[in-house]
Amino acid sequence: MGIEIYRLRRQYGAFVALDDVSLTIGDGEFVAVLGPSGSGKTSLLRILAGLDQPDAGSVYRDGQDLLALDARRRGVGLVFQHYALFPHMTVAQNVAFGLRVRPWRLRPKAAVIKAGVEHLLRQVELEGFADRYPSQLSGGQRQRVALARALAIEPRLLLLDEPFGALDAQVRVNLRRWLREFHRSLGITTLFVTHDQDEALEMADRVVVMNRGRIEQIGTPEQIYRQPATPFASRFIARGQSLPGEVRGQHLHVFGHAWRMENFVADDAHEITVHVRPEDIALAPVQSDGVKAQLLNLRHVAGTVRASLRVENREEPLEAEWNERDWARHAATAGDTVDIHLLALTVFATDEEGRIQARSTVHPPHASFPVAVGPWRRVEA
Ligand SMILES: Nc1ncnc2c1ncn2[C@@H]1O[C@H](COP(=O)(O)OP(=O)(O)OP(=O)(O)O)[C@@H](O)[C@H]1O
């Protein structure tokens with residue numbers, strides 16, 4: 001049954017940090033809460049951990065009212081960005097702390113604690129580190145100790161708030177993979193808060209996209225990438241960039257091309273937003289019927305080529321991403337005028353209140369590339 005979060009609201013003065021947040025987390029699921037700074041991620045976590053109470057809403061776990069339980073009795077393991085290890089305690093003492101703070105009736109005997117600590121340190125691959133102090137560990141090792149300490153209470157729910165936020169990029173990537181595998185082997189229901197898209201998409205079974213205290217979309221990484229529910233989700237997850245476009249009748253008009261759209265109902269009252277992702281802007285042979293663009297600059301980044309392009313009717317440059325091979329075939333350099341093809345566009349129609357009325361992914365007919373994204377569809381808000 002898992003955890004059912006229903007219509008949570010948290011207000012600080014006049015500021016609404018969580019606005020009508022509902023979410024169900026399955027047993028053993030790994031869910032990432034992804035959003036920009038200030039979107040309400042930590043506020044949600046604090047409520048689940050029992051560090052804060054909502055102004056409205058409920059949280060049930062297997063039918064039990066979680067909000068009515070004292071924090072210590074919720075069976076929640078917590079890991080924060082900044083290592084909250086006790087500097088004057090050894091690694092073993094830090095991990096044992098999780099067991100020692102249990103209510104006395106549930107507190108194990110010293111020998112059991114010792115064996116438990118050894119087992120946990122093996123699990124987080126830190127055998128042999130038991131007698132070190134936190135200052136004698138690397139950042140990544142400290143976070144693994146923090147995780148072992150959180151796991152010591154055998155939590156039913158693991159809450160991780162930017163646990164790798166303070167670590168350098170390579171350590172982050174390694175720990176991500178490690179944690180993903182670790183979760184697979186333990187299967188503890190986990191909520192992972194991050195503002196890092198790659199981290200969320202790479203690790204989570206499902207991603208919750210938050211913005212300004214509201215959930216914009218919940219879905220698997222693939223669903224959110226392929227079918228962003230809102231312009232915000234498209235921008236934030238798939239780096240969607242807006243293009244000047246109009247829907248007239250059954251056609252979408254962008255850069256002088258018209259594409260037929262089926263099952264997309266938008267009348268004049270609807271505002272249209274058209275997005276394109278960097279990887280859906282392809283370099284086309286010159287003299288094709290593509291869109292003319294001026295290549296402003298190129299950056300070579302680990303096997304991909306990132307390009308900034310100036311196109312008509314768009315003030316900001318468009319960002320495109322090509323693989324090295326595709327780029328090398330055209331050998332375009334900064335300053336050249338190139339032809340581009342748009343391989344997929346996402347179109348949103350919103351009403352006056354900004355509610356999404358229709359959404360569709362279209363593949364322009366002139367794209368000569370095989371495209372795998374599914375049929376056009378209309379989605380109710
Ligand atoms: N105790 C508080 N009093 C007043 N405002 C608060 C309080 N706690 C949080 N807020 C505000 O609520 C909003 C959401 O904060 P929250 O910490 O949940 O965001 P977040 O998504 O976790 O951001 P970050 O990624 O920066 O940690 C922020 O604008 C923050 O300033």
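Guide: Start with β12 and strand β13 (residues 251-254). Four bridges join them, and the two run antiparallel. Strands here are DSSP runs of E, at least two residues long, and helices are runs of H or I, at least four; both are numbered from the N terminus. Two strands pair if DSSP finds at least two bridges between them. This is a predicted model: local features need pLDDT of at least 70, side-chain atom pairs count only at pLDDT 80 or more, and totals for chains, interfaces and linings use all residues. Residues are numbered from 1 along each chain as its sequence is written.

Now look at one bridge. Val 247 has Leu 252 in β13 as its partner. The three strands form an open sheet, ordered β12-β13-β14, with antiparallel pairing. β12 (245-248) and β14 (257-260) are the edges. Each has a single partner strand, so one side of each lacks a neighbour in the sheet. From one strand to the next, the twist averages 25°. That angle is taken between N-to-C directions, from 0 to 180 degrees, along lines fitted to C-alpha atoms.

For another pairing, go to strand β1 (residues 3-12). Eight bridges join β1 to β2, and these strands also run antiparallel. Arg 10 is bridged to Leu 18 in β2. The hairpin of β1 and β2 has two residues between the strands. There, Gly 13 takes a positive phi near 60°.
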